[in-house]
Number of protein chains: 2
Amino acid sequence: MKLGIVGGGQLGRMMAQAASPLGVKTILMDPADDACAGDVGQLITAAFDDSTAAGELARSVDAVTFEFENVPPETVEALSEQKPVYPPAEALRVARDRWHEKSLFQSLGIRTPPLALVDDQDSLEAGAERVGFPCVLKTRTLGYDGKGQKVLRSRADLVGTFDELGSVPMILEGFIDFEFEISCIGVRSQTGQSVFYPVVVNEHRQGMLYRSEPMPLSPLQTVAENAVKAVMDALDYVGTMAFEFFVRGDELIANEIAPRVHNSGHWTIEGARCSQFENHVRAVLGLPLGATDLVGPVVMYNIIGQRPPIADILKVPGVHWHDYTKAERPGRKIAHLTISAKTSEQLEIRAKRVEELLVNDLG
Amino acid sequence: MKLGIVGGGQLGRMMAQAASPLGVKTILMDPADDACAGDVGQLITAAFDDSTAAGELARSVDAVTFEFENVPPETVEALSEQKPVYPPAEALRVARDRWHEKSLFQSLGIRTPPLALVDDQDSLEAGAERVGFPCVLKTRTLGYDGKGQKVLRSRADLVGTFDELGSVPMILEGFIDFEFEISCIGVRSQTGQSVFYPVVVNEHRQGMLYRSEPMPLSPLQTVAENAVKAVMDALDYVGTMAFEFFVRGDELIANEIAPRVHNSGHWTIEGARCSQFENHVRAVLGLPLGATDLVGPVVMYNIIGQRPPIADILKVPGVHWHDYTKAERPGRKIAHLTISAKTSEQLEIRAKRVEELLVNDLG
């Protein structure tokens with residue numbers, strides 16, 4: 001079987017790596033002719049809005065998927081005319097736009113921060129009255145890793161802010177004073193079967209994910225799974241989806257979904273019976289889903305900007321190094337590593353050794 | 001980093017798959033332009049004795065290794081002139097020839113079956129007197145999967161047998177009435193560090209490996225490890241090596257070594273902390289070795305000749321499917337699958353479900 005993937009970054013790369021043992025060949029489409037997934041699958045160099053190239057890609061594979069949600073709708077349409085395309089276009093449309101996304105959450109009874117739609121400076125000011133301070137102004141589309149957003153602490157912060165963020169459609173969210181953030185990753189098959197990985201505690205630094213650790217048997221698991229399942233069912237979703245939540249006490253407050261494999265699920269390659277990547281491939285190709293149980297204690301660290309001394313890192317037992325073969329550049333995700341161990345105590349010792357070696361931009 | 005691999009079959013394929021997450025690109029050399037590792041790395045189509053192509057391969061990588069032991073010595077030499085080549089030529093030379101191999105075992109005090117060198121019909125008859133019946137006549141080189149050998153049960157079986165096996169140099173071995181066969185896989189680094197996987201019980205059918213299951217905490221582990229270590233040290237070995245033994249009571253009798261990653265170690269991909277493939281890549285590239293401890297209960301089955309219904313197989317939880325993308329053909333290894341589970345009991349239930357679905361040539 002052959003799988004088409006729009007996007008040839010590390011997520012496409014790891015999908016292709018997961019597809020390979022299944023005997024599934026991958027063809028990836030990316031505007032960069034040195035896209036890092038090009039080592040692992042066949043690369044078509046084309047702009048993401050090149051619907052001719054997209055049509056060609058679709059013709060040469062059995063099904064198509066995406067490594068990111070901001071695929072131009074015309075491209076999705078060109079692909080869909082030829083072959084099954086998952087996740088469905090509606091899921092991309094909803095996930096691309098924070099307002100649609102949060103509206104869906106609310107319609108499904110999933111708790112969100114207080115919200116207001118912002119179309120101009122006036123609606124920003126009116127929204128801030130309703131939502132209250134502090135609050136977070138975010139562009140409706142194209143924000144990630146903390147980009148395209150601003151925390152507003154008082155009325156003074158409102159001045160000129162709509163223009164500052166680009167005078168584009170925005171959303172204002174009440175600031176959640178959370179204790180920590182978790183994500184729950186689910187996978188839904190073409191027959192509507194759903195599986196879920198253990199919820200993950202995520203630590204961000206400077207707005208970027210730094211560390212993810214699954215929490216087996218968490219009391220939050222059921223509520224998180226139910227929310228992911230509700231959203232996946234509502235969208236008739238197929239593939240892997242990540243749902244991020246703020247945690248306050250025993251309460252989960254929806255942050256956002258990613259209609260794709262997700263950085264907070266990279267630990268599943270070694271830490272779960274069947275990884276988020278393999279399960280995504282299985283779902284998109286109409287194969288049965290794999291088991292999502294935790295194999296043992298595990299933790300993942302992102303490598304940002306600069307590689308640590310790799311030979312020293314590999315000396316630590318249980319380290320699984322995943323290099324995306326991307327050039328070093330400040331703030332760029334160039335690799336991740338997962339540490340596995342027999343016991344939590346052993347994991348903690350190994351993680352301490354690794355942390356001492358990390359020369360992470362995120363400190 | 002870049003790794004060159006002579007041979008583009010499933011072993012090369014799985015080495016390339018293991019190299020990829022490390023950020024290591026692979027270039028493989030194989031005479032077949034549809035060699036199955038070609039999906040995973042870059043493929044150079046050239047005969048194994050094409051020393052010009054071998055030289056080119058070596059120039060474009062950091063180090064070179066092999067997926068099989070029968071590499072022509074001139075090719076090894078052409079490679080070695082350019083770049084580090086592991087395992088060393090001497091290890092290939094010894095492993096290629098059953099007489100050299102068994103002589104090395106004996107010189108290291110490793111128990112072997114009774115042996116005789118056979119160069120013609122006369123030395124065959126004299127050897128049979130010494131070794132006794134039943135015994136096994138094997139060509140010194142190029143035998144595998146039960147090919148190039150014949151069991152001799154009485155003097156009557158000697159008649160015309162030297163010519164029947166091709167009048168080539170042979171070795172006569174006493175037939176070992178063993179209870180079962182095990183293998184022990186070790187890896188040695190460039191600094192002489194050695195690590196060992198748990199010994200594996202191997203079940204053969206019609207001379208081909210059918211099933212491998214690691215035996216944690218086996219009383220045979222130490223003796224097996226010592227033998228692998230002695231051979232690796234004697235050869236100043238670098239890389240993964242498999243050593244097969246016959247087991248009779250608490251006694252290990254050496255069968256043969258393979259100076260490479262080995263079919264009986266495929267379970268290490270999911271079942272060990274760091275797989276035999278990744279550890280081989282690490283060793284050949286001069287990186288520190290990974291941990292070899294068992295992650296949990298695991299068993300591997302070879303898929304020979306014909307694929308089972310894959311969608312049904314994937315429904316069994318804990319199944320890891322490894323398809324080599326080779327065409328079906330009687331007696332051909334085209335895939336393997338590993339089953340993992342939390343407990344031995346769970347593994348047994350899963351294995352039973354899988355066995356019912358296998359349409360293996362080996363029955």
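**Notebook: aromatic rings**

I began with B:Phe246 and found it buried (under 20% relative accessible area, with exposed over 50% and partly exposed in between, for a 1.4 Å probe and protein chains only), its relative accessible area being 9%. I kept in mind that this is a predicted model, in which local features need pLDDT of at least 70, side-chain atom pairs count only at pLDDT 80 or more, and totals for chains, interfaces and linings use all residues. Residues are numbered from 1 along each chain as its sequence is written, chains are lettered from A and ligands numbered from 1 in the order in which they are written, and side-chain values use heavy atoms, without hydrogens and water.

I next looked up B:Tyr197 and B:Trp267, an aromatic pair (ring centres of Phe, Tyr or the six-membered ring of Trp within 6.5 Å; planes under 30 degrees apart are stacked, over 60 edge-to-face, the rest tilted), and noted an edge-to-face arrangement with 6.2 Å from centre to centre and 85 degrees between the planes. Both B:Tyr197 and B:Trp267 are buried.

I then searched the whole structure and counted twelve aromatic pairs over all chains. B:Phe178 is partly exposed, at 30% relative accessible area.

Last, I checked for charges over rings (NZ of Lys or CZ of Arg within 6 Å of the ring centre and within 35 degrees of the ring normal). A:Arg205 lies over the face of A:Tyr210, 3.8 Å from the ring centre, and the charged end of B:Arg205 sits over the ring of B:Tyr210, 3.8 Å from its centre.
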